[in-house]
Amino acid sequence: MRAYVDGQRVCCHRNRAGKSRASLLFGAAVLLAECPATTTTAEAQAALPPVTVDAPTQRPKPARASDAAQRRTQTVARQRNSGAPRATEPTPSERAAAAAAAQQAAKLGYRAMPSSTTLRSGASPLDTSQAVNVVPEQVLKDQLPRNLDDALGNVSGITQANTLAGTQDAVIRRGFGDNRDGSIMRNGMPLVQGRSLNAAVESVEVLKGPASLLYGIMDPGGIVNTISKRPELDQHGSVTLLGSTYGGSKSGADGVFDITGPIGDQGLAYRFIGYGVSEDYWRNFGRHREMLVAPSLAWYGKDTTVYLNYEHREFIYPFDRGTAFVNGAPLAIPATRRLDEPFNNMWGTSDLMQASVEHRLNQDWKLFAAYSYNTETFSANQLRITGVNAKTGVETRSNDGTQGSLSNSSYGTSYISGNFWLGDMRNEVLFGGDGQYRTIYRDNLIRQATPSFNFYNPVYGLIGPGTTVSPTDSAQTDKLGQWSLFFQDTLHLTERFALVGGVRYMDYDQLAGRGKPFITNTNVSADAVLPLGGAIFKLTDELSLYASYTQSLKPNSTIAPLSNGGGVVLGSNIAPEEGTQYETGLKFDLNKRLSGTLAVYDIEKQNVLVSQLNTATSLNVYTAAGKVRSRGVELDVTGRLTDNWSMIGSYGYTDARVTEDPTYAGKQLQNVAMNTASLYLVYDFGTVLPGRLRLGGGARYVGDRPGDALNTFVLPSYAVADIFATYETNYQALPVIYQLNVKNLFDTVYYPSANNNLGVAVGDARRVSLSATVKF
């Protein structure tokens, strides 16, 4: 029997190896036998737990008893009419195995399946008024991105911000964003750990534009939601070993162990992921080591799903601020040469604990509640460049460091969603609340003078890490608390036309400052009401137009003393930054194969903090008088072009600049490229060969970007190409996948971001890796 998904035959090589996979085929056969011959793919999978191919929901539940009973009645009736013997009811594990096989075929075709946690609903992207771009699971498997910035190279309008020497996620979306800006999520709940992409992440989604209605205090660029791998009722696992090299004896290795399956036969499932890496840094010194353990449990009941997950990481990263630009050009030294010392590292641990419960009250309403706690501790040696002389090669440095850093975020949310009818009009309602308490603390800041250094003739190892604590720079503290209620209604006036309206009431407090003794520089307590509006017009079942109006809010705050000797405190008298976006666009999902979004937007952020000198008092006066705007066009497409070709591609045009400010008016926003583009193509040879061969490759392009706020120098445009090949075969009845990846194929030297002209990040050199994955 052949099963078809999105018009493609499902081929399961791992099941051809032996009779141990017979239950999967049996379950699929029974499921198909229960459906009439004219049943569509979507209808056939509606009863399969715990995942789906066509529906955009996060994790469908096992079939409800009433639905199963109805299908059994229909099956018995058909058997009585035909005289055929009654088929045995498949177990939950057999159903899950059939669903997993169907979903795998869709994944190989880069099918984008958004999580319900991003927009707090299971609605189809075509029925929403905001743009959500997805980097699917299979794309991450094929491309092997090193970090979140790398993975989001597939999404339009995204560039890298200041990564704090390569230790933090720093993502600019539609012109806005920075490291530690609160925009990175796991399963729709905020993270504070520096790096969020790891072996426990299944896919990545980006909600573009102001997202404060759903997520509270935020910059207007949007949020990035990383989706966890969930426990499954289909028993399977894999072990992956990978070796890599940058050339020149710079090599490394990593491994992943991933196993999942049912516990008993009552819908309980487990998953365990273990990961470890040790590899040389590609520049002249440094090493990256990391360890992750990630156990999780899920229970898929008749009407209730419970999910628990935990992640523990231990890590050490090179703390590398890159190179310097002088007179608009990088220093004339090899890209591999570092300007600091071998002790420049960051090391620490992070822990993430999450729990969620989803309960279906009836056919129309469901209740969701979740809690997340994330913490990270680290210390770092941060030898900092303070000046360079491009002629003599003399470099001045400060021997800095951080001791006893702690970040944590405690977050909880609950909401109810459902449908009710108002006359002939259907209402999709979302109502709930959330609360967060976040702390970012840096205990001892090291500031120590050190001898100069010549980068043309470097001699490393003459100094050690700094030890002198600077009391005025220490005890850096940023505490934020926010509590909110939110409501959203999608009113379907007709089958094709709907209006969207929503509002959030938010109460928040923020305290920030530094120093021993502590000096408060921000002390804000306020509330706000933020609206949302939109409209959706479905031209067909596969094509929709949308328009939306959204807002964002973020308090003006600083940990550093402002001028006037540090006597200025930002309080509730200083208005918060407010972002407003108007967006319209087109969404499509063609034949459940190729999906995407074309968006046009205009964002204005006002109440940006401005400093102006009062000549009468010779003091700076701070007011929320600045304005910034970003306008652009974005196109994102992912999915299957033909039976053999799959692709993910994007193009973004972003014009982001300051419109009102005494110093920066007319300047482009730092690190924001006016043009970005990406294209990645994969050809699947299917079963033509003895094994399954897939070849892929592509490139991403980032245009010129200002390297600082005053636009005194420009980071040049670049294009970086990657390729990969996978070959799946069987070894002693076990599926084995070999994968070759070459990142930065042409060994391009490029500069993805800058903090200033003395801290310009250098992109990774060419990296070749070869891995082998055994499935069981």
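Predicted model: local features only at pLDDT ≥ 70, side-chain atom pairs only at ≥ 80, totals over all residues.

Student: Where do β8 and β9 sit in their sheet, and what is the order of the strands?

Tutor: The sheet is open, with five strands in the order β3-β8-β9-β6-β7 and with mixed pairing. Its edge strands are β3 (132-135) and β7 (189-190), each of which pairs on one side only.

Student: Why is E583 called buried?

Tutor: The label buried is kept for a relative accessible area under 20%, and E583 has a value of 3%, so E583 is buried. Its salt-bridge partner is R174, and R174, at 0%, is buried by the same cut-off.

Student: How do you know that E583 and R174 form a salt bridge?

Tutor: A side-chain nitrogen of Lys or Arg must lie within 4 Å of a carboxyl oxygen of Asp or Glu; the closest N and O atoms of E583 and R174 are 3.1 Å apart, so the pair meets the criterion. The pair links distant parts of the chain, since E583 is in strand β27 (residues 577-590) and R174 in the loop between β5 (171-173) and β6 (184-186), 409 residues apart.

Student: What makes E341 and R397 a salt bridge, and are they buried or exposed?

Tutor: Their side chains meet at 3.0 Å, N to O, which is within the 4 Å limit, so the name applies. E341 lies in the loop between β16 (329-330) and β17 (345-360) and R397 in strand β19 (residues 394-422), so the pair ties together parts that are 56 residues apart in sequence. With relative accessibilities of 1% for E341 and 7% for R397, both residues fall under 20% and are therefore buried.

Student: How many salt bridges does the structure hold?

Tutor: The structure holds 47 salt bridges, and R384, D400, R447, D473 and R514 are linked in a network of them.

Student: Why is K743 called buried, and what does K743 touch?

Tutor: K743, found in strand β36 (residues 734-743), has a relative accessible area of 10%, which is under 20%, so K743 counts as buried. Leaving aside residues up to four places away in sequence, K743 touches several residues, among them Q143, L144, P145 and D150. A polar atom of the K743 side chain also lies 3.2 Å from the backbone oxygen of Q143.

Student: Why is F776 called partly exposed?

Tutor: Partly exposed covers what lies between the 20% limit for buried and the 50% limit for exposed, and F776 has 31% relative accessibility, so F776 belongs there. F776 lies in the segment after β39 (767-775), and together with V239, L241, F257, F272, L734 and V774 forms a nonpolar surface patch with about 520 Å² of accessible area.

Note on methods:
Residues numbered from 1 in each chain as written. Heavy atoms only, no water. Pairing = 2+ DSSP bridges. Helix = DSSP H or I, 4+ residues; strand = E, 2+ residues; numbered from the N terminus. Buried < 20%, exposed > 50% of the residue type's maximum accessible area, 1.4 Å probe, protein only. Polar contact = N/O pair within 3.5 Å; in protein donor to acceptor, adjacent residues only side chain to side chain. Contact = heavy atoms within 4.5 Å. Patch = residues over 30% accessible without salt bridge, like charges linked within 9 Å, V, L, I, M, F, W, Y side chains within 5 Å. Areas by Shrake-Rupley, 256 points an atom, 1.4 Å probe, with all protein chains shown as cover.
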